[in-house]
Amino acid sequence: MSIVNIRNIQLLNNPARWEDDYNFRITFECVEELKEDIEWRLLYVGDAKSEEYDQELDSCMVGPVPVGVNSFDFTAAAPQPNLLPSTASKEILGVTVLILTASYRDKEFVRVGYYVNTEYEDEERRLEPPTQVDFKGLVRNVLVDKPKVTRFSVPWDSDSKALSNPWANTVALDSLSTGTSTQPIGSNGADNIYDSPLPPPIQAAAPAPPMEERAVDVEMA
């Protein structure tokens with residue numbers, strides 16, 4: 001049994017410009033007091049064919065975590081263009097994946113994946129994009145109403161060991177409230193991909209520039 005269960009995820013600024021921060025508000029329930037903090041990470045998949053270009057946009061430690069319903073705000077910077085495999089429009093435009101993970105004692109117990117559509121804000125460049133992408137003209141739309149959630153069995157404070165099968169099935173949780181809804185995505189033919197499975201779980205994110213970890217206090221609901 002999982003000690004921590006996500007109750008609600010809101011992306012407060014969606015849709016947004018490509019260069020804007022991601023501003024999440026996460027609400028979760030803890031059914032048993034935890035001795036250590038929970039680590040949350042936000043990952044951006046830069047290339048579906050290789051983990052080399054995965055970027056960890058930010059991470060934070062949340063705690064102490066009391067029993068009950070808790071919430072906190074998590075802000076992460078946009079991906080760094082210089083760490084992407086290419087700046088060609090055909091590589092940047094369209095659909096990629098954003099993954100939110102939570103870990104306890106360095107063991108990931110849940111990941112929430114979202115598809116992200118990237119396109120130009122103006123119709124002229126949507127129809128005829130330039131060869132090299134102009135990041136300042138891009139907008140993103142995260143499909144927050146169709147999260148793909150994977151749970152993992154991990155040892156908690158009261159467990160002597162994890163369950164024999166450490167993987168749980170991946171599902172689209174209709175019961176998971178995801179906050180603000182998105183506006184319709186442009187007619188670029190990418191909508192159908194949102195019904196496809198997410199890529200396999202990321203084993204390790206590509207190195208990102210050093211950043212100081214932040215300790216975040218949670219609020220009792």
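Visitor: What share of the residues in the chain is buried?

Guide: Of the 221 residues in the chain, 46% are buried. The model is a predicted one. The chain exposes about 11,600 Å², and carbon and sulfur atoms supply 48% of that area. As for secondary structure, the chain has two helices and 13 strands.

Visitor: Why is W18 called buried?

Guide: The label applies under 20% relative accessible area. W18 has 3% relative accessibility, so W18 counts as buried. W18 sits in the loop between strand 2 and strand 3. Leaving aside residues up to four places away in sequence, W18 touches Y44, A78, P79, P81, L84, T118, F135, L138, V139 and R140.

Visitor: How many aromatic pairs are there in the whole structure?

Guide: A search of the whole structure finds seven.

Visitor: Why is the pair of W18 and F135 called tilted?

Guide: Two cut-offs matter here: planes under 30 degrees apart count as stacked, and over 60 as edge-to-face. The planes of W18 and F135 stand at 45°, with ring centres 4.7 Å apart, so the pair is tilted.

Visitor: What makes this a link between distant parts of the chain?

Guide: W18 belongs to the loop between strand 2 (16-17) and strand 3 (22-30), while F135 belongs to the loop between helix 2 (123-127) and strand 9 (138-142), 117 residues apart. F135 has 12% relative accessibility and therefore counts as buried.

Visitor: Why is the pair of Y104 and W156 called stacked?

Guide: The planes of Y104 and W156 are at 25° and the ring centres 5.4 Å apart, so the pair is stacked; the cut-off for that label is under 30 degrees. Y104 lies in strand 7 (residues 94-104) and W156 in the loop between strand 10 (148-152) and strand 11 (167-172), so the pair ties together parts 52 residues apart in sequence. Both Y104 and W156 are buried.

Visitor: Which residues do ring pairs link into a cluster?

Guide: The cluster consists of F28, W40 and F72.

Visitor: How do you know that R140 lies over the face of Y22?

Guide: The distance limit is within 6 Å of the ring centre. R140 is at 3.6 Å from the ring centre of Y22 and lies over its face.

Visitor: Which residues have the most contacts inside the largest nonpolar core?

Guide: They are F24, I38 and W40, in a core of 44 residues. Strand 8 (residues 107-120) gives the most to this core, with six residues. I38 touches V4, F28, C60, M61, V62, V65, A102, S103, Y104 and F109, again not counting residues up to four places away in sequence. Apart from this core lies another, of five residues, among them L43, V97, I99 and Y115.

Visitor: How do you know that strand 1 and strand 3 pair?

Guide: A pairing needs at least two bridges. Seven bridges join strand 1 (residues 4-11) to strand 3, and the two run antiparallel, so they meet that condition.

Conventions
Residues are numbered from 1 along each chain as its sequence is written. This is a predicted model: local features need pLDDT of at least 70, side-chain atom pairs count only at pLDDT 80 or more; totals for chains, interfaces and linings use all residues. Side-chain values use heavy atoms; hydrogens and water are left out. A nonpolar core is a set of buried Ala, Val, Leu, Ile, Met, Phe, Trp, Tyr and Cys residues joined through side-chain atoms within 4.5 Å. Buried means under 20% relative accessible area, exposed over 50%, partly exposed in between (1.4 Å probe, protein chains only). Helices (H or I, at least four residues) and strands (E, at least two) are DSSP runs, numbered from the N terminus. Contact means heavy atoms within 4.5 Å. Rings of Phe, Tyr and Trp (its six-membered ring) pair if their centres lie within 6.5 Å; planes under 30 degrees apart count as stacked, over 60 as edge-to-face and the rest as tilted. A charge sits over a ring if NZ of Lys or CZ of Arg is within 6 Å of the ring centre and within 35 degrees of the ring normal. Accessible areas come from the Shrake-Rupley method with a 1.4 Å probe; for residues, only the protein chains shown count as cover.
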